[in-house]
Amino acid sequence: MADAAIQLSGISKSFGPVRANRDIDLLVEKGTIHGIIGENGAGKSTLMSILYGFYQADSGEIRVNGKPIAILSPNDAIAAGIGMVHQHFMLVQNFTVLENVILGAEGEALLGKGIAKARSELKRLEREYGLDVGPDAVVEDLSVGLQQRVEILKALYRGADILILDEPTGVLTPAEADHLFRILGQLKAQGKTVVLITHKLREIMAITDNVSVMRQGTMVASRKTNATTVEELAELMVGRRVLLRVEKEEAQAAAPKLVVKNLTVRDSRGVTVVDDVSFEVRAGEIVGIAGVAGNGQSELLEAISGIRRAVNGTVLLDGEPIDVTGTVDPGALRDRGLAHVPEDRHHVGLVLAFDEAENSILGYHDKPQYLKGPFLDIPAIRADAREKIQKYDIRPANERLRTANFSGGNQQKVVLAREIEQDPGVLLVGQPTRGVDVGAIEFIHRRLVAMRDANKAVLLVSVELDEIRSLSDRILVMFAGRIVGERDGNATEGELGLLMAGVEKQEAAE
Amino acid sequence: MSTPYAKLPAWADYGLIPLINLLVAFLVAGLVVLIVGENPLRAAAILVDGAFGRGQYVAYTLYYATNFIFTGLAVAVAFHGGLFNIGGEGQAYIAGLGVALVALAFDAYLPWWLIFPLAILGAAAVGGLWALIPAYLQAKRGSHIVITTIMFNFIAASAMVYLLVDVLKPAASMGPETRAFAQAAWLPKLNWVIELFGAKIRSAPLNLSFLLALVMAVVVWALIWRTKLGYEIRTFGFSPKAARYAGINETRIIVVTMMISGALAGMMALNPILGSEHRVQLDFVTGAGFVGIAVALMGRSHPLGIVLAAILFGALYQGGAELAFEMPAISRDMIVIIQGLVILFAGALEHMFRPWVQTVFASLAPRTAGLEPAKAEAR
């Protein structure tokens with residue numbers, strides 16, 4: 001057996017009464033790719049934060065390369081050869097790659113010498129690991145995939161032998177993700193150790209050697225990847241059997257409910273983000289919009305739901321126009337049967353400081369059933385919230401608890417319950433399962449299919465290709481603000497991936 | 001990533017932390033007293049006695065507190081809407097005009113109990129309208145409300161000087177003030193309430209406005225937490241994006257919230273004008289608009305907290321005046337320093353001791369098993 005790069009024993013960490021990590025043992029072998037999976041809140045991030053020195057464990061021991069060490073700050077972690085690539089990049093956007101790489105390791109007061117040294121070092125790293133970026137490129141001009149490579153370079157430049165990647169593929173196209181995996185393979189070949197945190201089972205199966213599963217703050221299992229299955233891992237994560245594939249009948253699509261014609265939207269800087277987009281959603285179907293994040297899907301949903309003004313185009317709801325280029329009152333659209341589960345539930349779909357009951361009327365707070373004159377009818381609102389809590393199995397079942405204290409999956413259920421229970425004709429859904437645990441994903445997917453089966457029109461935007469493919473009856477692919485292709489629900493990941501990467505239609509069709 | 005700490009029980013959040021802040025403020029103030037060569041303990045004793053030691057003092061304390069309740073509520077309402085109304089000073093000052101016009105017009109004909117409601121309306125209307133302009137500029141033009149309300153304080157001050165010197169001053173008078181109102185317009189004093197407890201009061205300005213302030217505290221509570229408008233104000237205050245999503249009209253909320261805020265600040269003018277001085281004098285607001293900011297911060301924008309914080313600041317004003325009188329080394333300015341320290345620790349540095357208290361609580365809390373709830377969302 002190979003040496004241990006990282007060995008954790010008996011790591012526990014509590015935040016007040018909350019035990020985020022309980023007696024965790026973990027062994028990562030040197031020169032392997034080790035996956036750590038678990039639902040949100042399972043304690044993966046806490047564990048890695050302990051390893052990287054953001055937190056100190058209450059008890060337990062960390063050994064790196066066999067030596068027990070105390071990691072009190074990220075500096076200690078870096079000194080021990082541990083590097084971390086965060087889910088949200090920590091790059092200075094208007095610096096060059098080189099400037100970003102030396103940030104925090106500049107050397108002396110005058111930069112000249114440090115930069116010269118960094119430049120040659122960077123060249124060597126790029127060559128060795130196939131991490132071509134170009135040292136003088138400005139970071140904000142780089143694609144997300146390249147920015148991630150800068151993060152990896154940063155860690156390697158600091159002499160990392162052990163690289164921790166936190167949900168690295170969330171923002172990547174399938175092609176970029178594949179490229180990342182090749183880089184990780186190369187790192188492994190050069191003797192580096194990689195710890196990959198993810199909730200995507202497919203990635204675990206694709207590139208890891210070993211996998212550890214966390215659930216509710218404990219390490220429930222460690223497996224050799226080639227000796228386990230996706231089903232087993234999912235079950236370990238959730239603690240019960242999970243349906244990974246949504247079961248649904250053939251769609252019975254009827255008349256168009258939502259028609260979008262030539263819709264064009266510009267962002268605040270005047271850049272066209274939605275470019276002449278036309279499509280329709282019929283009653284009884286789910287139309288999925290696939291695409292890498294930031295290709296105009298968000299703005300498309302915002303324009304249709306009246307949150308963002310469009311510069312051009314028409315949108316018809318049940319044949320009646322929505323004044324998308326003028327001022328639209330999202331409240332009036334709700335009255336017309338257009339419900340919207342927004343992408344950003346933390347800042348848009350919910351007010352986290354509100355209690356659950358208050359959030360369960362957001363946007364519907366002027367409906368007469370929630371009001372008594374100018375006053376809120378609080379008993380009625382709470383009773384209504386309790387009903388939804390029960391129906392959607394929202395936990396904890398306490399409508400007076402602050403929404404910020406609910407898990408991501410339960411927060412999303414609050415939004416979903418609110419929007420679906422108003423019985424809308426058209427439902428716009430953005431990233432319904434982002435940051436949502438596997439158990440809740442299954443529930444949310446079944447709800448969306450049930451909406452479709454109740455003859456509602458559902459427009460689904462998601463960056464999770466699996467989600468798009470398993471839910472949608474038709475799939476539209478957005479790239480750079482345009483719809484670059486339409487496929488049916490059985491499209492393969494490969495052909496969608498090409499479209500998402502902006503490869504021309506004709507090529508993709510082949 | 002947020003720093004997960006134990007969530008504090010309400011009594012610690014609303015009681016213990018303000019108390020710690022206050023103690024630290026007094027400790028530092030004590031050092032200042034030491035530096036000028038006086039005994040801090042004796043100074044503290046004089047301060048407390050000067051604020052609460054006699055019925056007379058209590059009446060003064062509550063009189064000052066009345067001002068701060070109004071201005072504190074004004075700042076708090078705007079806070080709930082995510083707006084920082086620094087203009088309470090000017091709104092209260094210019095609202096004196098509303099009170100004065102009602103009193104000057106009707107004091108010969110109407111009894112106080114008819115003049116009072118009219119004066120409330122006058123004060124609220126003028127204060128509200130004075131806040132309307134910055135609100136509209138913020139909503140429509142994006143002019144920052146902090147800047148515009150500050151500037152409107154200066155405009156109000158200059159306008160009032162002009163009006164008091166050139167327009168409202170009786171012809172033969174030397175003082176920049178209106179004529180005194182007829183006694184029929186004076187608000188009844190509330191000193192007898194304190195005398196019920198056995199104290200003896202020679203003369204003190206505590207008047208019916210104090211009760212109005214308490215009523216407004218209840219009204220503000222109901223408005224913010226029990227009405228649809230309050231729900232919309234809070235939604236907008238916490239998250240303008242969520243408000244937009246919910247179909248809440250941004251312009252309307254900014255304008256309405258600021259007008260309510262301005263109206264509350266304006267009502268402050270009733271207390272000195274109709275209740276105590278019975279005329280409009282130059283600078284009658286004397287900083288109450290700014291103290292209201294500290295009061296709202298310290299009271300955590302909750303009406304109950306605001307009433308308590310207002311009484312604290314009222315006590316500092318009254319007790320401070322006695323202290324300056326008793327200890328010649330401690331001048332009026334030293335009192336302002338002490339008040340400033342309280343504002344600094346209770347307001348600006350409100351969260352300084354929070355992590356520490358939370359750590360203490362976390363280590364005291366029983367270690368129950370459980371999952372970490374999604375805390376990462378908290379800003």
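Biologist: Where is the place of Asn65(A)?

Modeller: In this predicted model, Asn65(A) sits in the loop between β4 (59-64) and β5 (67-68) of chain A; helices (H or I, at least four residues) and strands (E, at least two) are DSSP runs, numbered from the N terminus. Residues are counted from 1 along each chain as its sequence is written, chains are lettered from A and ligands numbered from 1 in the order in which they are written. Local features require a pLDDT of at least 70 and side-chain atom pairs 80 or more, whereas totals for chains, interfaces and linings use all residues.

Biologist: Why does Asn65(A) count as partly exposed?

Modeller: A residue is buried if 20 or more other C-beta atoms lie within 10 Å of its own, exposed if 12 or fewer, and partly exposed in between, with C-beta atoms placed from the backbone. Asn65(A) has 16 such neighbours inside 10 Å and is therefore partly exposed. Its phi is also positive, about 50 degrees, although Asn65(A) is not a glycine.

Biologist: What makes Arg300(B) partly exposed, and where does Arg300(B) lie?

Modeller: Arg300(B) has 17 C-beta neighbours inside 10 Å, so the label is partly exposed. Arg300(B) belongs to the loop between α13 (288-298) and α14 (303-326) of chain B. Arg300(B), not a glycine, has a positive phi of about 55 degrees.

Biologist: How do you know whether Arg141(B) is buried or exposed?

Modeller: Arg141(B) has 9 other C-beta atoms within 10 Å and is therefore exposed. Arg141(B) is part of helix α5 (residues 112-141) of chain B.

Biologist: Why is Asp49(B), in turn, counted as partly exposed?

Modeller: Asp49(B) has 15 C-beta neighbours inside 10 Å, which means that it counts as partly exposed. Asp49(B) lies in helix α2 (residues 40-52) of chain B. The C-alpha atoms of Asp49(B) and Glu322(B) are separated by 8.6 Å, although these residues are 273 apart along the chain.

Biologist: Why are α8(B) and α9(B) called roughly perpendicular?

Modeller: Angles under 35 degrees count as roughly parallel, over 145 as roughly antiparallel, 65 to 115 as roughly perpendicular and the rest as oblique. Axes are lines fitted to C-alpha atoms, for helices over the stretch in contact, and angles run from 0 to 180 degrees between N-to-C directions. Helix α8 (residues 209-226) and helix α9 (residues 228-238) of chain B pack at about 70 degrees, with axes 5 Å apart. The two helices are therefore roughly perpendicular.

Biologist: Which residues of α8(B) meet α9(B)?

Modeller: On the α8(B) side they are Leu223(B), Ile224(B), Trp225(B) and Arg226(B), and they meet Leu229(B), Gly230(B), Ile233(B) and Arg234(B) in α9(B). Five are nonpolar, one polar and two charged. Here Ala, Val, Leu, Ile, Met, Phe, Trp, Tyr, Cys and Pro are nonpolar, Asp, Glu, Lys and Arg charged, and the others, Gly among them, polar.

Biologist: What do α4(B) and α12(B) contribute to their contact?

Modeller: Gly96(B), Val99(B), Ala100(B) and Ala103(B) in α4(B) meet Leu270(B), Ile273(B) and Leu274(B) in α12(B). This contact has six nonpolar residues, one polar and no charged ones. The axes of α4 (residues 88-106) and α12 (residues 270-277) of chain B come within 9 Å and cross at roughly 35 degrees.

Biologist: Into which domains is chain A divided, and how many residues are in contact between them?

Modeller: Chain A has domain 1 (4-238) and domain 2 (256-509), with bounds from an automatic or database domain assignment. In domain 1 of chain A, 10 residues are in contact with 13 residues of domain 2 of chain A, contact requiring C-beta atoms, placed from the backbone, within 7 Å. The elements giving two or more residues to the domain 1 side are α6 (174-189) and α8 (230-238) of chain A. The C-alpha centres of the two domains of chain A lie 33 Å apart.

Biologist: What is the mean pLDDT of chain A, and where is the pLDDT below 50?

Modeller: The pLDDT, the predictor's confidence in each residue from 0 to 100, averages 88 in chain A, and 96% of the residues reach 70 or more. Over residues 505-510 of chain A it is below 50. Where pLDDT is low, the predicted coordinates should not be read in detail.

Definitions and conventions. Contact = placed C-beta atoms within 7 Å.
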